[in-house]
Amino acid sequence: MRKATAPVAALALSAAFAVACAGRPPRSVAHWDEDLLSPQRYRVRIEKDVQVPMRDGVTLATDLYIPEAPGRFPALLWRNCYGKDGYGDMSWYASRGYVVVHQDVRGKHASGGDFVHFRDDANDGFDTDEWIGAQPWSNGKIGLMGGSYLGYTGIAQAVRGSRHLAAMSISVATGDVYNGWIYSDGALFLGFAFPWGAVGMNGREFRFQNPVPVPWPEIFAHLPLETMDVKAGYPNPVYREWLRHPRAGDPYWKDVSYEKDIARISIPVLVLEGWYDLFLRGALQDHVLIARDSLSARARRHKHLVIGPWAHEGGVRNNAPKAPAAGPDRSLDFGPEAAVETRKIYLRWQDHWLKGIDNGIDREPPVRIFVMGENTWRFENEWPLARTRYTKYYFGGTRANSINGDGTLSTAAPAAEQAADSYVYDPASPVPTLGGNTCCSQVPSGPWNQIEAEMRDDVLVYSTPELKTPLEVTGPVKVTLYASSSARDTDWTAKLVDVHPDGYAQNLCDGIIRARYRAGRTAPADLLEPGRIYEYEIDLWATSNVFLPGHRIRVEISSSNFPRFDRNLNTGEDPMTGTRMAKAEQTIYRSKQRPSHIVLPIIPRRR
């Protein structure tokens with residue numbers, strides 16, 4: 001079995017650790033001691049399908065898990081689009097002195113009304129909060145819980161801000177629906193938005209809970225995009241609405257996408273994320289905005305973030321997210337510390353803010369990251385890290401096409417007056433998605449060996465020599481690309497890779513930019529002048545990884561990552577309705593005047 005490095009034993013730290021400075025290793029995230037948590041002491045009574053009224057008369061089916069004891073209790077609320085029945089052991093929380101409120105969202109499973117993705121979650125969540133606060137078993141305090149869409153529902157109602165909300169602990173979620181769920185810098189999140197949004201969420205039950213007879217490769221290849229749902233046998237008008245609104249500034253997104261309104265959240269928030277989760281970028285953006293801009297000083301001080309080496313489907317419910325196995329040989333191992341028991345982390349957070357238990361969580365640094373490569377957990381005081389040294393690594397060599405070329409990556413700026421690499425991008429034969437930040441279909445996620453992609457001539461490969469000393473990269477990553485195309489519109493992709501001594505090429509983070517939206521995702525579409533050189537900035541999101549001695553840093557540049565993102569057909573037609581494909585001659589410039597490069601967030605090593 002491939003080991004990223006030797007696992008680190010759990011650390012037993014004193015109470016003084018709660019005020020640890022940046023860079024200190026935390027108490028083991030994987031194994032919270034029971035003495036940090038509320039004890040199990042109550043028998044639990046369950047009331048099924050209680051009908052909670054919404055402002056428009058629709059009622060939502062809600063299960064209550066109530067401690068069998070006199071008095072009033074704080075409530076923990078899950079609002080669930082995947083079905084409340086069989087979703088985790090809610091009695092585990094209730095036995096510790098909480099009323100657990102578990103609700104099917106509007107139009108799903110046992111609840112009334114019609115489900116429209118994202119539309120009603122803010123109002124329905126607020127109405128549910130007000131209902132809870134008026135119940136005889138409620139002490140007026142509510143903690144929001146859940147992962148993925150359940151995390152979004154929490155964010156939406158926290159933005160609305162019921163007076164009863166006291167804290168939120170959620171996983172793998174973001175309030176940025178436009179650029180976090182559906183699009184990524186102009187490209188459609190096809191490998192997630194279609195299978196999850198058009199197929200899985202089509203109907204009252206989540207369809208992936210049972211096998212879905214969809215021939216995914218055939219469906220993903222279908223054109224035009226606007227009829228893909230019909231081709232799959234799951235017509236979905238919401239999916240087609242997403243295609244009709246490809247710009248972030250469109251009013252369509254105003255009441256469901258909270259990338260700007262997220263700072264209205266005024267309660268302490270804990271978010272668990274994964275370096276390979278599709279919501280990572282949005283969650284990092286949410287963290288910065290709340291910690292910096294919330295009108296509540298308490299929310300600014302107590303916005304906490306935990307990031308592990310997890311993919312979205314590593315498990316985000318009530319037990320243990322596990323580090324994803326690496327494909328295609330399924331042999332990468334981040335060690336035992338990579339697996340955490342989510343419910344214990346959730347509970348410790350809620351214990352403090354809802355019950356006032358002095359368990360030290362409020363005195364811990366706000367950011368906790370898993371540093372891959374060395375496979376250690378570490379506390380930090382902020383994100384991005386204040387001590388980061390942003391360092392440019394320039395693309396070089398004579399011909400970078402494929403792993404068989406000689407593309408180089410170096411901190412030395414190029415001296416040549418003219419230097420470039422070229423390839424042909426054919427949307428009929430796109431570069432396949434090999435892992436990364438996606439989920440919810442047959443598209444692979446997490447860390448994968450990138451060799452298959454690197455063998456292609458339409459992938460430019462730039463690598464450093466083998467490293468002599470460890471190099472830590474932790475923080476946001478971006479590529480600046482000087483490029484021209486023969487097409488009226490095209491895409492540019494970039495990927496950061498850790499090449500192991502045996503050649504295993506582990507993807508760390510990647511990104512895409514659709515050329516027509518190069519001026520920004522709120523700007524009007526602007527087609528290219530064929531042959532003209534433009535400057536592009538590609539957001540590769542973020543990572544935390546130590547490149548160990550004997551490893552190499554690698555960057556891949558291409559024009560597709562399919563089906564994670566939809567293909568650019570290179571014609572300049574509407575991506576929603578286009579069917580005609582054209583090959584594009586792509587040129588990447590790496591000269592003195594046009595020095596294409598990646599910016600890596602280097603963290604100085606402690607001596």
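Mentor: The count comes to 44 salt bridges, a salt bridge being a side-chain nitrogen of Lys or Arg within 4 Å of a carboxyl oxygen of Asp or Glu. This is a predicted model, in which local features need pLDDT of at least 70 and side-chain atom pairs count only at pLDDT 80 or more, while totals for chains, interfaces and linings use all residues. Residues are numbered from 1 along each chain as its sequence is written, and side-chain values use heavy atoms, with hydrogens and water left out.

Helices (H or I, at least four residues) and strands (E, at least two) are DSSP runs, numbered from the N terminus. For accessibility, buried means under 20% relative accessible area, exposed over 50%, and partly exposed in between (1.4 Å probe, protein chains only). Asp85 has a relative accessible area of 55% and is therefore exposed. Lys48, at 45%, is partly exposed.

Next come Glu130 and Arg163, whose side chains meet in a salt bridge at 2.4 Å, N to O. This pair, too, links distant parts of the chain, with Glu130 in helix H2 and Arg163 in the loop between H3 and strand E7 (165-171), 33 residues apart. The relative accessible area of Glu130 is 23%, so Glu130 counts as partly exposed. Arg163 counts as exposed because its relative accessibility is 63%.

H3 (residues 149-160) has 12 residues and spans 17 Å from its first C-alpha to its last, close to the 16 Å expected at 1.5 Å a residue; the expected span is 1.5 Å times one less than the number of residues. Of the 12 residues of H3, 11 are buried, among them Tyr149, Leu150, Tyr152, Ile155 and Val159. Gly161 follows H3 and has a positive phi, near 75°.

Helix H11 (residues 342-355) can be read alongside it. H11 has 14 residues and reaches 19 Å from its first C-alpha to its last, close to the expected 20 Å. Since 13 of its 14 residues are buried, H11 is largely enclosed by the rest of the structure. Gly356 comes after H11, and its phi is positive, near 75°.

Another salt bridge is the one between the side chains of Arg363 and Asp358, at 2.8 Å from N to O. Arg363 counts as partly exposed because its relative accessibility is 39%, and Asp358 is exposed, with a relative accessible area of 58%. Elsewhere, salt bridges that share partners join Glu374, Arg378, Glu380, Arg387, Glu472 and Arg605 into one network.

Asn375 is in the loop between strand E13 (367-371) and strand E14 (376-380). Its phi is near 55°, a positive value in a residue other than glycine. With 1% relative accessibility, Asn375 counts as buried. His109 also has a positive phi, of about 55°, although it is not a glycine. His109 lies in the loop between strand E5 (99-104) and helix H2 (121-133), and its relative accessible area of 22% makes it partly exposed.

Lys141, Arg298, Arg300 and Arg301 form a positive surface patch; patches are made of residues with over 30% relative accessible area and no salt bridge, like charges being joined within 9 Å and nonpolar side chains (Val, Leu, Ile, Met, Phe, Trp, Tyr) within 5 Å. Helix H10 (residues 297-301) supplies the largest share of this patch, 3 residues. Arg300 is found in H10 and is partly exposed, with a relative accessible area of 33%.

Two peptide bonds complete the tour. The bond from Leu223 to Pro224 is cis, with omega near 0°, and Pro224 is in the loop between helix H6 (216-220) and helix H7 (228-232). Phe562 and Pro563 are also joined by a cis peptide bond, with omega about 15°; Pro563 lies in the loop between strand E23 (552-558) and strand E24 (584-589).

Technical notes
Accessible areas come from the Shrake-Rupley method with a 1.4 Å probe; for residues, only the protein chains shown count as cover. Lys and Arg count as positive and Asp and Glu as negative; His and the chain ends are not counted. The place of a charge is taken as NZ of Lys, CZ of Arg, CG of Asp or CD of Glu.
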